[in-house]
Protein chains: 2
Amino acid sequence: MNVTPQSMHFAAALPLQSGASIRAYNLSFETYGTLNADKSNAVLICHALNASHHVAGTYAGQEKSEGWWHNMIGPGKPLDTDHFFVIGVNNLGSCFGSTGPMHTNPDTGRVYGADFPVITVEDWVNAQARLLDALGIQTLAAVMGGSLGGMQALSWTLQYPERVRHAVVIASAPNLTAENIAFNEVARRAIQTDPDFHGGHFYAHGTLPKRGLRIARMIGHITYLSDDVMNEKFGRQLIATNQSEQERNFFYSTLEAEFQIESYLRYQGDKFAEYFDANTYLLITRALDYFDPARRFEGNLSLALARATAKFLLVSFTTDWRFAPRRSRELVKALLDNKRDVSYAEINAPHGHDAFLLDDARYFGVIGSYFNHVVKPAKEAA
Amino acid sequence: MNVTPQSMHFAAALPLQSGASIRAYNLSFETYGTLNADKSNAVLICHALNASHHVAGTYAGQEKSEGWWHNMIGPGKPLDTDHFFVIGVNNLGSCFGSTGPMHTNPDTGRVYGADFPVITVEDWVNAQARLLDALGIQTLAAVMGGSLGGMQALSWTLQYPERVRHAVVIASAPNLTAENIAFNEVARRAIQTDPDFHGGHFYAHGTLPKRGLRIARMIGHITYLSDDVMNEKFGRQLIATNQSEQERNFFYSTLEAEFQIESYLRYQGDKFAEYFDANTYLLITRALDYFDPARRFEGNLSLALARATAKFLLVSFTTDWRFAPRRSRELVKALLDNKRDVSYAEINAPHGHDAFLLDDARYFGVIGSYFNHVVKPAKEAA
């Protein structure tokens with residue numbers, strides 16, 4: 001499935017939750033499958049921290065350019081593009097195409113950098129809704145996302161209840177716990193205290209806060225995996241030398257990577273620091289921190305979700321300690337309190353939070369079955 | 001209970017596990033209670049990451065100078081200094097008095113810095129044994145420690161089985177998991193990539209890698225606490241302003257601390273960076289990584305613990321995810337495989353790994369009862 005990224009310009013300012021606004025902006029997006037005649041088969045995919053609008057398919061001539069949910073979305077896949085018109089959109093503030101801190105601020109003629117306004121999940125959803133308007137899509141067959149993407153899917157059902165028939169919320173939560181915020185904060189401090197950060201105006205200084213980004217990514221990576229899968233994948237295995245694991249002596253060094261988990265994390269950190277923007281990292285982790293639909297209802301999630309009219313599928317993974325199953329169960333309970341139509345699957349998977357991106361027969365079976373159920377009314381309507 | 005720190009000089013070189021050696025060194029230590037006539041009532045306390053020989057009591061004229069296990073050790077306390085002669089010792093490589101990276105290398109006349117040799121748990125135990133020799137103590141009534149201190153207590157029973165009657169191993173593990181090593185590695189990278197680190201020779205450059213130390217401490221702090229206690233203590237509470245939590249709007253800032261958990265972590269990081277030595281942090285986390293008595297036995301912990309003849313008390317805490325109860329249970333199982341005398345308590349406590357330092361009636365009851373049982377033979381012998 002070859003795909004081509006597209007871009008849409010929005011000339012009207014977007015008012016933001018913070019009170020600021022973005023005067024004009026572009027959104028990068030991709031589509032897969034065909035929009036039916038009455039435009040009732042559209043599924044919007046919302047991305048998490050470091051993903052983009054490139055959700056599925058490959059770019060012509062680039063074999064290894066599969067989208068980040070390529071295993072999930074395509075012809076004959078759990079979200080079947082033979083039936084659905086799937087839209088991937090890159091969020092505002094990203095570094096992968098949509099307007100973000102690396103772009104020029106039309107108000108000043110200078111790169112935004114740290115001046116890019118703080119964006120919330122609700123702002124992203126508003127921007128996504130404008131994209132749907134431009135595409136002529138009034139109602140989504142479904143909105144779907146994992147992790148932070150799941151928060152956007154949930155927020156869609158609260159901000160635009162009449163525009164969403166189904167919401168698929170995977171490995172997500174009604175808000176971050178103190179521990180989640182704590183990990184985000186350490187990652188941000190690593191970036192912000194990197195001398196190459198220059199208060200977020202590092203572009204103007206010709207530097208990149210790569211040290212901070214590396215640390216941020218290493219922390220993130222630990223929280224995406226489970227203790228179990230880390231032990232299985234790396235355990236206490238030493239970095240390979242020409243000696244056997246038993247014969248090999250330690251390097252006895254605090255500086256050299258000694259264990260395989262160390263070189264893995266260093267590699268992940270180095271790779272991330274090469275392509276990810278530091279200001280985007282700050283913005284996206286902050287959007288995670290701020291999301292909390294129950295806040296306006298004094299913490300009462302059932303009251304907060306009363307507005308939602310969509311049907312829901314929620315999925316969580318047993319070893320996910322970043323967005324633990326109990327957080328999904330809070331959502332299930334609040335939706336049931338409102339007598340909403342909710343399906344919930346707790347998948348026994350060893351891979352921690354990352355499981356939402358990985359092949360798993362039971363997980364894919366649940367998603368596939370749910371979309372079979374979504375497609376029927378869509379087909380009847382068509 | 002007023003106490004006075006002491007220091008002992010060791011003129012003979014200490015050979016280290018790495019093959020290196022320390023030519024001459026000092027150990028700082030304190031003692032509480034009175035050594036009985038036949039020197040059978042000594043209890044050695046081993047410290048964890050950022051503690052020292054100042055285990056109990058206060059320094060004259062300094063009211064708030066309580067030792068780090070002041071609640072546990074003293075007259076009438078669980079480890080009762082009316083019965084036991086308790087020794088606190090600062091480990092080699094520390095920054096609190098014993099010879100460490102901040103001191104002068106007698107071989108070069110320059111500050112050790114990064115040249116301080118890598119030290120292992122086994123090396124610490126050897127150095128502690130020499131201190132006991134110098135104090136004329138052949139056999140310990142008990143050796144006791146929590147976390148990394150528990151690893152030292154365990155190692156005592158393997159390196160000097162004939163010199164230990166009881167080992168009290170609290171919130172500890174037979175080795176670190178991949179996840180534990182991963183957190184240590186991120187903390188080390190934060191320090192090592194701080195431009196003020198200068199390859200560990202920052203003393204010579206007149207700098208201190210405080211940014212890295214702050215990040216390291218913030219990461220550490222998250223892992224010491226449980227998700228539960230963080231939610232209870234901080235939850236999603238915002239930093240106080242003159243508005244109520246409900247009325248107060250977000251700052252909408254990626255730079256300002258917004259949530260109380262953020263300012264708490266920043267404060268902890270700042271405080272730590274003022275007093276802790278970066279090279280010591282690297283050495284101590286590396287000692288944690290390396291500890292693995294089963295390694296020489298192809299991972300067979302039961303074989304590894306066969307040498308131990310001491311009686312054991314092991315304690316773990318339900319919400320400790322850094323050294324989870326299952327890690328203590330591995331030790332219990334391996335000791336039982338060897339038909340050793342083992343008591344084990346799993347304390348239902350919300351405080352995570354930090355619980356081993358905190359008051360808890362059940363925990364203190366277990367420790368107190370165990371030492372009542374230790375003291376009887378000690379008394380009979382006296």
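Modeller: The contact takes 61 residues from chain B and 61 residues from chain A, where contact means heavy atoms within 4.5 Å. This is a predicted model, in which local features need pLDDT of at least 70, side-chain atom pairs count only at pLDDT 80 or more, and totals for chains, interfaces and linings use all residues. Residues are numbered from 1 along each chain as its sequence is written, chains are lettered from A in the order in which they are written, and side-chain values use heavy atoms, with hydrogens and water left out.

Now the symmetry. A rotation of 180° with 0.0 Å of shift along its axis puts chain B on chain A, with an RMSD of 0.0 Å. The superposition is by least squares on C-alpha atoms of residues with pLDDT of at least 70 in both copies. That is the relation of a two-fold axis. Both copies use the same surface: 100% of the contact residues of chain B recur in chain A.

Next, the area. About 5500 Å² is buried between chain B and chain A, and carbon and sulfur atoms give 59% of it. Buried area is the accessible area (1.4 Å probe) lost when two parts are put together, summed over both. Arg236(B), Tyr252(B) and Arg295(B) supply 15% of what chain B buries against chain A, more than any other three residues.

One joins Arg266(B) to Glu185(A), with the closest N and O atoms 2.6 Å apart. Between chain B and chain A, 34 residue pairs are in polar contact, both at pLDDT 80 or more. A polar contact is a pair of N or O atoms within 3.5 Å; within protein, one must be able to donate a hydrogen and the other to accept it, and residues adjacent in sequence count only if both atoms are side-chain atoms.

Finally, Arg236(B). This residue lies in the loop between helix 6 and helix 7 of chain B; helices are DSSP runs (H or I, at least four residues), numbered from the N terminus. Arg236(B) is buried, as its relative accessible area is 17%, and buried means under 20% (1.4 Å probe, protein chains only). A polar atom of its side chain lies 3.0 Å from the backbone oxygen of Leu176(A). Beyond neighbours within four places in sequence, Arg236(B) has contacts that include Asn175(A), Ile181(A), Asp289(A) and, in its own chain, Glu245(B).

Definitions and conventions: A salt bridge is a side-chain nitrogen of Lys or Arg within 4 Å of a carboxyl oxygen of Asp or Glu. Helices (H or I, at least four residues) and strands (E, at least two) are DSSP runs, numbered from the N terminus. Buried means under 20% relative accessible area, exposed over 50%, partly exposed in between (1.4 Å probe, protein chains only).
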